[in-house]
Amino acid sequence: MAAIGLGGLWLAASGMELAVVAWLVSGGLGVAGLATVASLKRAIAAADRQRSLLARALEVSADPQVVVGPDGAPVHYNPAFRDLAQPGARLPLAALADASPGPTAALEIRRAAAAVADGRAAVMELPVRFGGESVLARVEASPLSGWPGHAHWRVVAGRGDAALRAVASLLPRAVAIADAGGRIVFANQTLADWVGHPVAALTDGTVALRSLVEPAAEHGEPWFLGPAGGPEFEIGLKGEGGAVRPCAVVQVELAPIGLGTGVLTLFRDVTVETTQRDALKRAEVRFERFFNLAPIGVGLIDAELRLVECNATLLTLAGQSLEQVQGRSVGLLVQREQRAELLGRLMEVMEGRNGGAPVEVRMRDGGGPVVHAYARRYDAEAGGAPGLILHVVDVTDQKKLEAQFVQSQKMQAIGQLAGGVAHDFNNLLTAMIGFCDLLLLRHKPGDQSFSDIMQIKQNANRAANLVRQLLAFSRQQTLQPRVLDIGEVLAELSNLLRRLIGENIELKMIHGRDLGLIKVDQGQLEQVIINLCVNARDAMAGGGRLTIVTSNFATEVPVRRATEEMPPGEYVVIEVVDTGVGIPPENLQRIFEPFFSTKEVGSGTGLGLSTVYGIVRQTGGFVFVDSAPGQGAKFTVYLPRHLEQPVAALPADVRERAADLTGMGTILLVEDEDAVRTFGARALRNKGYQVMEARSAEAALDLLQGAGGPQVDLIVTDVVMPQKDGPTLIREVRQFRPDVKVIFISGYAEERFRDSLGEGAVVEFLPKPFSLKQLASKVKEVMGGV
């Protein structure tokens, strides 16, 4: 401040010179005084030169400067201050406050003036308008030594500020400079365009930098916009109409890097980047959904066959969490005994020795799902290693369906075989039983041969029962269904069941309320219940409890059990529960097969449960079994619920009239089996009928169509014959004898040929094997004798 001190001398130099000369001239010093005057003149001249030099320095200074007195009046200010403040009649400091757009400029200048009055220097930063443009400047105020109350004020624009602003004006980014209070003192045109306000409006000292962005920061310095500690951050820049432009922001304090004062803020438009990033994020979300919500398991495996990443489906199939399997051998996902096979196959794919054929394994130890595992090799990325993509498809349901299909095919094949065998046996048994009946007409009780004949007939009947069971299993037996109440059927059977199971087994029946009706063959239903109870009895050799439970059951979705699927509907349920030894798991899939038995040789035929299965399935129902060794067994029979009311039985007088089996009329018997035809003809003749015989359909047609063909009241014909079968014969006969009565006889079920007769055809059916009495009863019934 030495120069400022000399300047102070200069301010009063002219007045001092006049005062000294006047004193000397007034006579005080004489000749000696004249010498002093000369010296004093030289000093004054030197001071004048110094004054001129200082004045010239102030005049040419680019920094606005002013010297004010104790009353704030100007002592001197240079042209730069006059251009800046344009004081006119105003006091210099008031004019300086008006030159600053900052709202607190006047307050800060008063504080600085008070400091100077106390003899202390003051420095502040204020936005100041230079040439119509707001610039952040440094304002210095210093007291003048030796001149109480006088102060020197200087305004210094930031170094490099003009160059910085010139460069900022050309940048494609939005640029703002804010003062320490966060007010904008400079904005380039790009920022003005983005926010939709003129540059002048942004830099009038009233606009806070934070007011342009969202979300606005609530911490740090007033000019700070972003999160704490972030060198670069993203924020929204408000535009016209409420639009927000995403921007990447960098803020730099200028003073530490020597580029003036204030804070420089750069806004970079990242709309494209944000759009791309958002699109990438959406793609990642979509991929994550595809990956995690895929119905198949997907896993990424490294070169060491370790699981790197997988989706949720694979974890569900494995029954493990990601933490349990990630980074570990993929072999741990499957059962222990199948790990070597899986890892060997994966290594083959990794080495290119396998085309990726699937390997079938079971996930987890225990009862995990069965899956097909597919592997594909992917090449190494830059700096990485190759690996495998593993796709795991749950085929548990498929394997169940395959097992169901195989079981169905097996049962169907066995059924066809059993049906064919049963048909042939029925022809033989018909002849055996029939001729026994003929023999018994001549050998009455007490006759020597009577007991032998009865033994033959009884064994033939036993064989017939076995054949009926085979037909029941193959679903080829003839049923006579009627509407029944299951409670009444069980009540009628209860005494028989108690005798069958023995005294050491408790029989308990529990009936459901409002049980539905069923339409079944009563005899076959009774056979089902008896077979199940006998099977339960044999499983409780040491005694136990047998419980029969009835109930209603309805389902709106299919019910799958093992290899069977029961469709939606209403059912009446019969449960037969025992406390026996139970059934091993390996036998559960075979218990309904014919001749399969776990009993000792000679203790059973192996047809009991297969008969149950055949009868129930032919009736349209289902039978399921639940059992475990040592825990007993439960057989559950589902029969479709029927809505009709039960039909009343025949009156007693009608049943009594059926005891007379004799009759009159002409019957044509058509049968290709000689033994059956011979027995049938003899039996009917013995009952009073005229019988004509034909061993084929062709022979029967020749007989009926010949000249003067006989008048036939009834045709009894076999169903299955060589060349032309029974239904074909009857269709042709009814073309010229439409009212002829017909009885079909066959070892097959009635349903196998009924559809081939056409709608409205009236025929009767008598299943083989039949006895003489059954044949005579059926013929009399059809001939109108009942």
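This is a short tour of one chain, stop by stop, with something to select at each step.

**Before you start.** You are looking at a predicted model, in which local features need pLDDT of at least 70, side-chain atom pairs count only at pLDDT 80 or more, and totals for chains, interfaces and linings use all residues. Residues are numbered from 1 along each chain as its sequence is written, and side-chain values use heavy atoms, with hydrogens and water left out.

**Stop 1: the whole chain.** Show everything and colour by secondary structure: there are 25 helices and 30 strands. Here helices (H or I, at least four residues) and strands (E, at least two) are DSSP runs, numbered from the N terminus. Of the 786 residues, 43% are buried, where buried means under 20% relative accessible area, exposed over 50%, and partly exposed in between (1.4 Å probe, protein chains only).

**Stop 2: strand 23.** Select residues 569-578. Seven of these 10 residues are buried, so strand 23 is largely enclosed by the rest of the structure.

- Strand 20 (residues 544-555) runs antiparallel to strand 23, joined by 10 bridges. To see one of them, pick Gly-569 and its bridge partner Thr-555.
- Strand 25 (residues 633-642) also pairs with strand 23 in the antiparallel sense, over eight bridges. Here, pick Val-572 and its bridge partner Leu-639.

While you are here, show the side chains: in a regular strand they alternate between the two faces of the sheet.

**Stop 3: helix 19.** Select residues 608-618. Among the buried ones are Leu-609, Val-612, Tyr-613, Ile-615 and Gln-618. Then click on Gly-620, which follows the helix and has a positive phi, near 95 degrees.

**Stop 4: helices 22 and 23.** Select residues 697-705 and 726-736. The two helices pack at an angle of about 10 degrees, with their axes 10 Å apart. Axes are lines fitted to C-alpha atoms, for helices over the stretch in contact, and angles run from 0 to 180 degrees between N-to-C directions. Helix 22 and helix 23 are therefore roughly parallel (angles under 35 degrees count as roughly parallel, over 145 as roughly antiparallel, 65 to 115 as roughly perpendicular and the rest as oblique).

Finally, show the side chains between them. In helix 22, Ala-697, Ala-700, Leu-701, Leu-704 and Gln-705 meet Leu-729, Glu-732, Val-733 and Phe-736 of helix 23, with contact meaning heavy atoms within 4.5 Å.

Notes:
Two strands pair if DSSP finds at least two bridges between them.
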